[in-house]
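Please look over the sequence and structure shown here. A short report follows.

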Amino acid sequence: MNNRSHTPFIRTVKISERSSNDILKIRIAAFVLALTAGGLFILLLGFNPLKLYGTIISGAFRSKMAFQATVKFMIPLLMSSLGVSIAFKMRFWNIGAEGQIIVGAVCASYFALFHDNWPHFLLLIVMFAAGAIGGGLWGLIPAYFKSKYDTNETLFTLMLNYIALHIITYLRDGPWKDPGSSGFPKIARFTANAQIDKVLGVHFGWIIALILVVIVFIYLKYTKHGYEISVVGESKSTARYAGMDVKKIILRTMIISGGICGITGMIQAAGSDMTLASSVAGGVGFTAIIVSWLAYLNPFGILLVSFLFSILDKGSSVMQSTYGLSTYFASVLQGIILFFILGCEFFIRYKFVLTKKGGK
Amino acid sequence: MLKTIDNYAIELKGITKSFGKVIANEDVNLGIKYGEILALLGENGSGKTTLMNILSGIYYADEGTIFIDGNEVFITNPHEAIKLGIGMIHQHFKLVEVFSAMDNIVLGTKGRYVKNSALKEKILEMSNKFGLEIEPDKKVYNMSVSEKQTIEIMKVLYRGAKILILDEPTSVLTPQETEKLFVILRRMKEQGNAIIIITHKLHEVLAISDRVAILRKGKVVDTVNTRETNEKQLTELMVGRPISLEIKRPETSRKKTVLKVVDLSVVNEDGTIGLNNINFKLKSGEILGVAGVAGSGQRELCETIAGLMHPKTGAVLYNKENIIGKTPDEIINLGISMSFVPEDRLGMGLVGSMDMIDNMLLKSYKKNKGFIIDKKPSKQLAEELVDKLSITTPNVETPVRMLSGGNVQKVLLGREIESEPNVLITAYPVRGLDINSSYIIYDLLNEQKKKNVAILFIGEDLDVLLELSDRIMVLCHGELMGLVDAKNTTKEEVGLMMAGRKMEGVDSDE
């Protein structure tokens, strides 16, 4: 039969339901495959993959200090992921976490630099609030234009990142330039009064981050606001039909989303950098997008995923220095792992079917 | 290839198709000859559309074989289907609005390389052959629904289809337009085409088809000759048991005007007229039917009363209070409930990814005191509805997107009724529903009517409107064509008004 050649041998079929058990198996398989592929890459470069992987793990956990550093990596990632996930739940593509982190840090830094004579905890609380308000307002701008003129929030939030970044550069080279740096453009180090205290060896941002996980979880799942966010995300016309004020919800949600990112900036500046550096966000706002989708916007999932990401981050930096590898080596490895983890989502939704012979 | 009348154009043998655990088609055997119209009849979810999607290359059967002109074929994609001479006319048109009729017809074929005048001639020649009325240069956005459908039919004919599949083609047409379509279909049949028509309107099946294949739960339960059957037998075959086809119209007393629409005019966002100077009264304890072809102003009427659209002029008086300018929220709180079932059935009233419990909350979540939502009452309500309306669902935690169309609509209407409204506006509540579910919905509406609720029922099926409503108002292009007593009017009269003939002085208002 000449038509036989048109028979598809492999087809993709959409799966409506996979048991959670199957999904877990697929994820584990993807992880193993990712390590294998990454291992082949390492082999190609002439290293022992097992040893390198061992270094990553031990690099993240080998000592108390290493573990503390891992946690420090995690805090901004976790917090900003929580922030963007709230916007994503509403299908508002907030790509502007970077900018919101930066503006939050800038606003907090104002008080750290110019009001460091205030009582310690009052100062921290004011900085905290300033960070939240700064980030929130930075998130409000694209939300306002979205709700009023239906502008594209993806481009809008993205562009605001660069504006925020250059605000820091401007402050660093101009009004906030450290007079004691003998001409070198940098912003002064925060005094101890404006620094976040340490709890168990890490600045207490980790406590705030963990509290936020719980708060965001409850907020999205059990509150009226959370319910409204889900409905608006699913269908704006349904939301209107149910009597919701869609514009108000978009504005409010973006203030919260940006506000959490702004807090991240404050904590990063006052807890980790101890100054306002242009690298205060350092790409975390972008990684947060991947983290929150990998976790399906579930706050506890975000906690887990961002922890795994920090292990990879911290571990790879140790690996780099131990083996004298290029800084990009770890990025390639991370890319390979991400490729498999994200790719396996396809197999959760679809399966391949081999065509049986015609008449069976 | 010689085609005698006894050759099967298409023959299906043992077709089985499942989605996950759901079996959509099981061991389906079916044949259709050239020069024949086969009606495919079945309730919702009986597998009609799946079967036709297999034929048109959208799905691929798990098991079974398809023969065309006696040769085994493998239809792996829609292109393959077209090459084999199978053309599908979908329920929702797939046309490029800004293109002309001609451009739409040749879109995706090599037709565009032909000279314009030659192409036009070819199209006109083909349309004459089948009795289609086509103006090749007319833009689609200037066309009526029935004209668009003609283009869809021409599209598949142009591609050389000998076997046509029409998926619920009459749902968007007036009775007169339907009759016109049937003339075209008969003409095509005479030209030797094989035609499969999917529908759930029994009188149409009897009017147009030669044979009827009845599907139930994915299987072909019977194939009967149209000449030897009747509505009653077809219903029994389709549902699986005898069922009464009579719609009740209970009488109520205590009728008083609750909603009065005065000089209402609405302009759509794109500047077109949505409603033009509409006046009518809606009374408690009555069902006021709204007839009209799709897009005659039904959506605008619903949305304006619900506060989602702002009219240009006019007023909507609810117990003498003008509700224009109130927010949707305030209108819901007055006891005016609106449920609009759009074409995709989920669109407005329900959130597909949410479960029944969360969907119950949609209009009532604000009544929760404080910040946290208490989900217990809505869970209880969801479970009650499942019982009362026999909604088929694994549990109330299943996303409503996973439910079949009929069950989705029961969830929607059930929720609206449970909110104990004074005015119930319901648009297309039985859209695409099977007979059984439709009757449950009619009963629900009648029950509300007996409770003295004022009901505005926007319907598609004229027969149903005539039997269920107390009065019928007819819309055409946003204008009120007339308001008639449902007991004293005829299908023809309403049909003429739907097509734009105004009935002066006919108003059974008092």
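How many bridges join strand β11 of chain B to strand β14 of chain B? Five bridges do so, and the two strands run antiparallel. Strand β11 covers residues 257-267, and strand β14 covers residues 313-318.

This is a predicted model: local features need pLDDT of at least 70, side-chain atom pairs count only at pLDDT 80 or more, and totals for chains, interfaces and linings use all residues. Residues are numbered from 1 along each chain as its sequence is written, while chains are lettered from A and ligands numbered from 1 in the order in which they are written.

**The sheet in chain B**

Helices (H or I, at least four residues) and strands (E, at least two) are DSSP runs, numbered from the N terminus. Two strands pair if DSSP finds at least two bridges between them. Strands of a sheet pair through backbone hydrogen bonds, either parallel or antiparallel.

In chain B, four strands form an open sheet in the order β12-β11-β14-β15, with antiparallel pairing. β12 and β15 of chain B are the edge strands, since each pairs on one side only. The table lists the strand pairs.

| Strand pair (chain B) | Bridges | Direction |
|---|---|---|
| β11 and β12 (residues 273-283) | seven | antiparallel |
| β11 (residues 257-267) and β14 (residues 313-318) | five | antiparallel |
| β14 and β15 (residues 321-322) | two | antiparallel |

B:Val262 has its bridge partner in β14(B), namely B:Ala315. B:Val261 is paired with B:Val316 of β14(B). B:Leu317 stands opposite B:Asn322 in β15(B).

Two hairpins belong to this sheet. β11(B) and β12(B) form one, with five residues between them. B:Gly271 in that turn has a positive phi of about 90°. β14(B) and β15(B) form another, with two residues between them. Here the turn holds B:Asn319, with a positive phi of about 50°.

**Two domains of chain B**

Chain B is divided into domain 1 (8-239) and domain 2 (246-335 + 421-510). These bounds come from an automatic or database domain assignment. The domain centres, taken over C-alpha atoms, are 33 Å apart. Two residues are in contact if their C-beta atoms, placed from the backbone, lie within 7 Å. Twelve residues of domain 1 of chain B are in contact with 13 residues of domain 2 of chain B. On the domain 1 side, the elements that give two or more residues are α6 (175-190) and α8 (231-239) of chain B. α8(B) gives the most to that side, with three residues. By class, the domain 1 side has five nonpolar, six polar and one charged residues. Ala, Val, Leu, Ile, Met, Phe, Trp, Tyr, Cys and Pro count as nonpolar, Asp, Glu, Lys and Arg as charged, and the others, Gly among them, as polar.

**A buried serine in chain B**

B:Ser209 lies in the loop between α7 (202-208) and β9 (211-216) of chain B. Is B:Ser209 buried or exposed? B:Ser209 is buried, because 25 other C-beta atoms lie within 10 Å. A residue is buried if 20 or more other C-beta atoms lie within 10 Å of its own, exposed if 12 or fewer, and partly exposed in between; C-beta atoms are placed from the backbone. Beyond its neighbours within four places in sequence, B:Ser209 is in contact with B:Ile37, B:Leu38, B:Ala39, B:Ile197 and B:Thr226. B:Ile37 is 172 residues from B:Ser209 in sequence, yet the two are 4.9 Å apart in space, C-alpha to C-alpha.

**Chain A**

The secondary structure of chain A comes to 13 helices and four strands. Its C-alpha atoms fill a box of roughly 85 × 60 × 35 Å, taken along the principal axes. Of the 360 residues of chain A, 42% count as buried.

Helix α8 (residues 224-234) of chain A has eight of its eleven residues buried, so it is largely enclosed by the rest of the structure. Among them are A:Tyr227, A:Ile229 and A:Val232. The buried residues of α8(A) pack against α3 (64-89), α7 (205-222), α9 (236-241) and α10 (246-273) of chain A.

pLDDT is the predictor's confidence in each residue, from 0 to 100. Chain A averages 87, and 93% of the residues score at least 70. pLDDT stays under 50 over residues 1-6 of chain A and over residues 356-360 of chain A. Where pLDDT is low, the predicted coordinates should not be read in detail.
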